[in-house]
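Have the sequence and the 3D view open side by side for this one. The headings below take you through the structure one region at a time.

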Amino acid sequence: MSEALPRMGGMNTLAAPIADLRQQAGRVVRDAATSGVLQGVGDSDLARILGELAGVQRLVEAAMIDAVGEVMRRSEVASVPDRMTSRLGCRDVGELVERVTRVAGPAASRLQKAAKVVRPSIADTTGELLEAELPVLRDAMIDGVVGVDGVLAIAGPLMETGRRVPRAGKRHAAGVVVAGARGDGPDGSPPLSAELLRVQASTWALALDQDGAEPRERQVARKRFLRLGAENAYGVPISGLLMPEVAAQLQQIHNAQHSPHTVEFTLDHTDAPEPPPDDRTHGQKLHDTLASALHVAAASGALPTIGGAAPTLVVSVTEEDLQSGRGYAHADGCPQPLSIATALHVACSGVIQRVVSRPDGRIVRIGTEDRVFNRHQRRAIALRDGRCIIPGCHVPAAWTEIHHVTDYAKGGPTHTDNGVLLCWYHHRYIDTIGWKIRMKAGVPEVRAPYWLDPSMKWRPATTSPTRLRSKVMQT
Ligand SMILES: [Zn+2]
């Protein structure tokens with residue numbers, strides 16, 4: 001069990017200065033935290049202090065990267081018991097680094113990744129330090145120009161090109177990007193942040209690696225996944241890695257739904273209130289985009305059928321709960337109970353079958369085809385309404401659902417005079433967001449919530465392109 005190289009006496013020569021450094025840093029930090037000097041300095045001084053601290057951090061990181069690199073070297077021995085990790089009782093380098101430095105797993109693996117490209121290789125026989133994979137990057141690290149973030153930003157894209165780009169090409173590119181990191185770049189800009197370094201390195205990698213797209217895509221394809229987690233009280237967690245074109249598609253659908261590309265007309269009621277601001281977060285909107293996309297797909301009739309029918313979500317509810325509007329409903333494959341409002345919403349769209357049962361379990365009613373608007377009705381309603389009829393909402397007809405203005409369960413017919421277009425979000429929350437809808441001689445009218453329009457006036461929905469056009473012609 002050799003402790004390897006003769007430089008092991010280094011602990012003593014390194015330990016003292018590091019202990020000094022730590023003591024000094026401790027004093028500075030204590031002063032800064034307790035003296036109120038941070039609160040007293042001007043803006044530019046505060047910014048400079050932050051920058052200086054980052055400089056110290058980059059130097060500390062440089063030394064840590066090197067130390068981790070050495071741990072890695074000592075743990076790469078073929079014989080397992082002779083590895084440093086084994087000797088210290090750790091499964092691998094990651095665990096050892098986490099234990100010793102107390103950083104989290106991802107930070108430990110970033111240190112290792114950085115070490116791989118900047119650690120010097122070592123001559124087997126003499127123990128002499130040789131060149132690193134990217135020597136110019138190592139120099140910049142030792143100079144305190146780049147820390148872990150900067151090293152990975154530059155090395156990541158370049159090393160990803162693998163054998164397709166010769167080492168000389170990578171080194172040349174690293175040299176140019178490192179100049180940018182030092183603030184010596186050709187464009188004369190100040191030292192670049194890690195994000196910009198990554199952009200530059202990626203540009204180099206693309207230029208050097210003309211055939212890189214295909215292997216990269218293969219890798220992306222291999223890594224793609226989507227996982228639905230176990231349902232908890234807050235919902236179903238989702239995680240995954242989308243292929244770029246899939247994400248782009250989702251984004252496009254999202255944009256189509258949420259960018260107002262029609263001019264708002266308020267022809268017959270100039271006193272109409274401003275449409276309310278959409279107070280959903282970006283994440284909530286994206287969720288709702290996915291919800292309507294799934295709805296459109298399920299209702300399209302283009303999906304494979306199950307037992308001869310379109311994929312059907314079966315929602316069961318007791319007669320009593322349905323009548324009272326309270327209690328719970330249950331959806332197939334969804335362990336958490338749903339509210340009756342949700343059950344009504346999902347039951348409103350064509351692909352859902354509703355099963356109503358008595359307390360003893362006997363089935364009283366099964367949702368049948370006649371509660372579903374057929375294709376012709378849908379087209380007619382779409383022509384009349386144009387898009388979601390809630391003012392200010394721009395979701396186009398193709399992405400909407402048809403809402404029974406008078407609920408089917410309360411005798412509302414599945415007739416064009418009783419169906420209006422609502423987007424997934426407004427359909428889902430129509431009972432709680434304060435908007436009211438009624439039909440007047442076959443034309444939908446909406447009434448804004450009180451806080452938005454205290455006059456509580458009913459106004460015809462002006463979303464239909466045909467109705468707008470005829471109004472324009474009249475004036
Ligand atoms: Zn809407």
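What follows is a short tour of selected sites and contacts.

## Before you start

This is a predicted model, in which local features need pLDDT of at least 70, side-chain atom pairs count only at pLDDT 80 or more, and totals for chains, interfaces and linings use all residues. Residues are numbered from 1 along each chain as its sequence is written, and side-chain values use heavy atoms, with hydrogens and water left out.

## The zinc site

Let's begin with the metal. The zinc ion is held by Cys-388 (SG), Cys-393 (SG), Cys-423 (SG) and His-426 (ND1), at 2.0 to 2.4 Å. Donors here are N, O and S atoms within 2.8 Å of the metal (3.2 Å for Na, K and Ca), and water is not among the atoms, so sites may look incomplete. The angles among the four donor atoms run from 98 to 120°, and the site is tetrahedral (four donors count as tetrahedral if all angles lie between 85 and 135 degrees). For reference, the ideal angle for four tetrahedral donors is 109.5 degrees.

Along the sequence, the donor residues follow the spacing C-x4-C-x29-C-x2-H. Helices (H or I, at least four residues) and strands (E, at least two) are DSSP runs, numbered from the N terminus. Both Cys-393 and His-426 are buried; buried means under 20% relative accessible area, exposed means over 50%, and partly exposed is in between (1.4 Å probe, protein chains only).

## Around strand S10

Thr-400 is in that loop between H16 and S10 too. Thr-400 counts as buried because its relative accessibility is 0%. Its side chain reaches the backbone oxygen of Ala-397 at 2.6 Å.

Move on into strand S10 and you'll find His-403. With 12% relative accessibility, His-403 counts as buried. The side chain of His-403 makes a polar contact with the side chain of His-427, at 3.3 Å. A polar contact is a pair of N or O atoms within 3.5 Å; within protein, one must be able to donate a hydrogen and the other to accept it, and residues adjacent in sequence count only if both atoms are side-chain atoms.

## Salt bridges

How many salt bridges does the structure hold? There are 16 salt bridges, each one a side-chain nitrogen of Lys or Arg within 4 Å of a carboxyl oxygen of Asp or Glu. In general, side chains of opposite charge can pair when their charged atoms come close. One of these pairs is Arg-74 with Glu-70, at 2.8 Å from N to O. Arg-74 and Glu-70 are four residues apart in helix H3 (residues 43-74), so about one helical turn separates them.

Arg-280 pairs with Asp-288, with the closest N and O atoms 2.8 Å apart, and both of these residues are buried. Arg-438 and Glu-445 also form a salt bridge, their closest N and O atoms being 2.8 Å apart. Here Arg-438 is partly exposed at 31% relative accessible area, whereas Glu-445 is buried at 9%. There is a network as well: salt bridges link Arg-91, Asp-92, Glu-95 and Arg-99.

## Two positive phi angles

Ala-441 has a phi near 50°, a positive value in a residue other than glycine. You can find Ala-441 in the loop between strand S12 (436-440) and strand S13 (443-447). Is Ala-441 buried or exposed? Ala-441 counts as exposed, because its relative accessibility is 83%.

Met-456, another residue other than glycine, has a positive phi near 50°. Look for Met-456 in the loop between S13 and strand S14 (458-460). At 30% relative accessibility, Met-456 counts as partly exposed.

Leu-226, Leu-228, Val-236, Ile-238, Leu-242, Val-246, Leu-290 and Leu-294 make a nonpolar surface patch of about 750 Å². Patches are made of residues with over 30% relative accessible area and no salt bridge: like charges are joined within 9 Å, and nonpolar side chains (Val, Leu, Ile, Met, Phe, Trp, Tyr) within 5 Å. Accessible areas come from the Shrake-Rupley method with a 1.4 Å probe, and for residues only the protein chains shown count as cover. Strand S3 (225-228) and helix H13 (282-299) each supply at least two residues of the patch. Leu-228, in strand S3, is exposed at 63% relative accessibility.

Helix H13 also contains Ala-297, which counts as partly exposed at 30% relative accessibility. The C-alpha atoms of Ala-297 and Trp-399 are separated by 9.9 Å, although the two residues are 102 residues apart along the chain.

Technical notes. Four donors count as tetrahedral if all angles lie between 85 and 135 degrees; four count as square planar and six as octahedral if opposite donors are over 155 degrees apart and all others between 65 and 115; anything else is irregular.
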